[in-house]
Amino acid sequence: MSSGNETVVFLSEQVVVLVSCALSFLGSSLIIVTYVLWSDLRTTPRQLLLCLSVTDWLSALSYAYGVWRLFHADSTDCVVQGAVSTFANTSSFFWTVAIAVYLYVFIVRANKRVADSLVLPFHLVSWGVPLAITVAAVSLNKIGYDASDVSVGWCWVRIQAADRVLWMLLTGKIWEFLAYLTLPVLYVLIRRHIHTAHAALSEYRPILASRPQSHAFASVADTKLTLIPIIFIFLRIWSTVRFILLLVGSSARQNPVLVTLHGIGNTSQGAANCIMFVFFTQPVRTRLCAAFCCCCCSKCKAEAEVEAQHTQDAQDAAHRPLLGQDAPAAAAATQGEES
């Protein structure tokens with residue numbers, strides 16, 4: 001299973017992780033393309049999602065190269081790959097939390113002005129901090145071959161660095177832990193607020209609440225707000241487990257199943273975001289369906305007509321939907337502003 005201190009990455013694991021990288025690359029690309037193509041979907045949350053997708057896109061490329069090369073020693077391309085993946089992965093954590101903070105301020109605090117004012121700080125922190133950490137790590141010769149101790153063939157913190165645990169924390173793990181704590185709390189608060197606002201709408205706005213699709217939209221919103229932190233934690237937990245096993249000196253971190261789950265989890269964020277915010281988002285899904293099927297798909301036509309009516313209803317009742325999808329979320333924000 002291992003040779004010396006090196007974790008052996010089998011061919012089957014390489015193939016699985018490369019497929020995961022490809023799906024994440026395609027998913028991130030699709031999010032970017034939809035943002036560029038349809039200007040009316042360029043809400044501020046979608047702009048933040050675009051930045052997250054750029055980091056996931058870079059992560060997928062850098063991880064794919066590392067898994068394909070399967071490094072066994074320090075080299076120039078190892079350092080470059082490790083630096084790119086370190087920057088992209090760390091920035092991804094920051095942007096994931098930034099989106100949650102924005103939605104919390106916009107929906108729960110019902111303050112769009114303050115939420116929008118956070119965008120510039122989000123850019124400064126989410127790009128600047130990862131870049132500074134990565135530059136420092138490269139300058140101090142901390143990035144390089146890591147024997148797949150807490151990776152799957154790609155390079156990260158050099159195995160020979162005496163303070164490698166500290167740099168593993170700085171270049172990813174500490175931000176990962178903070179995301180584990182922050183995301184569930186923020187999304188639970190958002191979800192509770194939407195439930196409360198929707199109950200108020202049902203009581204004081206019977207015409208809106210009586211529409212069958214009102215409950216359907218609420219169901220979609222609840223599902224997304226529940227799944228976002230769950231999916232993030234499920235994907236990232238395997239790398240955390242291997243990191244903890246490294247700290248306690250356990251060879252279980254070299255278990256092929258755990259290594260494969262780690263590889264899939266670290267490289268699937270772009271694909272997961274695409275599923276959540278493209279395929280599970282009716283306006284975007286409808287347009288993609290229409291673009292691919294053109295005029296020959298009656299199902300797309302029907303869905304497009306329904307979506308047009310829903311969009312008109314949402315615009316009459318509230319702001320444009322957050323992330324291009326959830327009418328209850330926008331209605332909740334409007335309710336907070338009115339009260």
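Buried means under 20% relative accessible area, exposed means over 50%, and partly exposed lies in between, with a 1.4 Å probe and protein chains only. The model is predicted: local features need pLDDT of at least 70, side-chain atom pairs count only at pLDDT 80 or more, and totals for chains, interfaces and linings use all residues. Residues are numbered from 1 along each chain as its sequence is written, and side-chain values use heavy atoms, with hydrogens and water left out.

**Exercise 1. Describe the chain as a whole: its secondary structure, burial, contacts and surface.**

Step 1. Helices (H or I, at least four residues) and strands (E, at least two) are DSSP runs, numbered from the N terminus. The protein chain has 13 helices and four strands.

Step 2. Of the 339 residues in the protein chain, 52% are buried.

Step 3. Contact means heavy atoms within 4.5 Å. Among contacts with a separation of 6 or more, 73% are between residues 24 or more positions apart.

**Exercise 2. Locate the disulfide, give its handedness and state the burial of its cysteines.**

Step 1. A disulfide is a pair of cysteine sulfur atoms within 2.5 Å. The structure holds one, between cysteine 78 and cysteine 155, with an S to S distance of 1.9 Å.

Step 2. Cysteine 78 sits in helix H3 (residues 76-108) and cysteine 155 in the loop between strand E3 (143-144) and strand E4 (156-157); the two are 77 residues apart, so the pair links distant parts of the chain.

Step 3. The torsion about the S-S bond is about -115°, so the disulfide is left-handed.

Step 4. Cysteine 78 is buried because its relative accessibility is 0%. Cysteine 155 is also buried, at 1%.

Step 5. The loop between E3 and E4 also holds alanine 147. This alanine 147 counts as buried because its relative accessibility is 3%. Its C-alpha atom is 6.8 Å from that of histidine 72, which is 75 residues apart from alanine 147 along the chain.

**Exercise 3. Identify the nonpolar cores and the elements that supply them.**

Step 1. A nonpolar core is a set of buried Ala, Val, Leu, Ile, Met, Phe, Trp, Tyr and Cys residues joined through side-chain atoms within 4.5 Å. In soluble globular proteins, nonpolar side chains tend to be buried together.

Step 2. The largest core has 38 residues, and Tyr102, Tyr187 and Ile190 have the most contacts inside it. Elements giving two or more residues include helix H2 (44-69), helix H6 (164-204) and helix H8 (212-247). H3 provides the largest share, twelve residues.

Step 3. With neighbours within four places in sequence left aside, tyrosine 187 is in contact with Ile99, Ala100, Leu103, Leu225, Ile228 and Pro229.

Step 4. A second, separate core has ten residues, including Cys21, Leu70, Trp154 and Val259. Cysteine 21 has a relative accessible area of 2% and is therefore buried.

**Exercise 4. Determine how far helix H10 is covered.**

Step 1. Helix H10 spans residues 269-279, and nine of its eleven residues are buried.

Step 2. Among the buried residues of H10 are Gln269, Asn273, Cys274, Met276 and Phe277.
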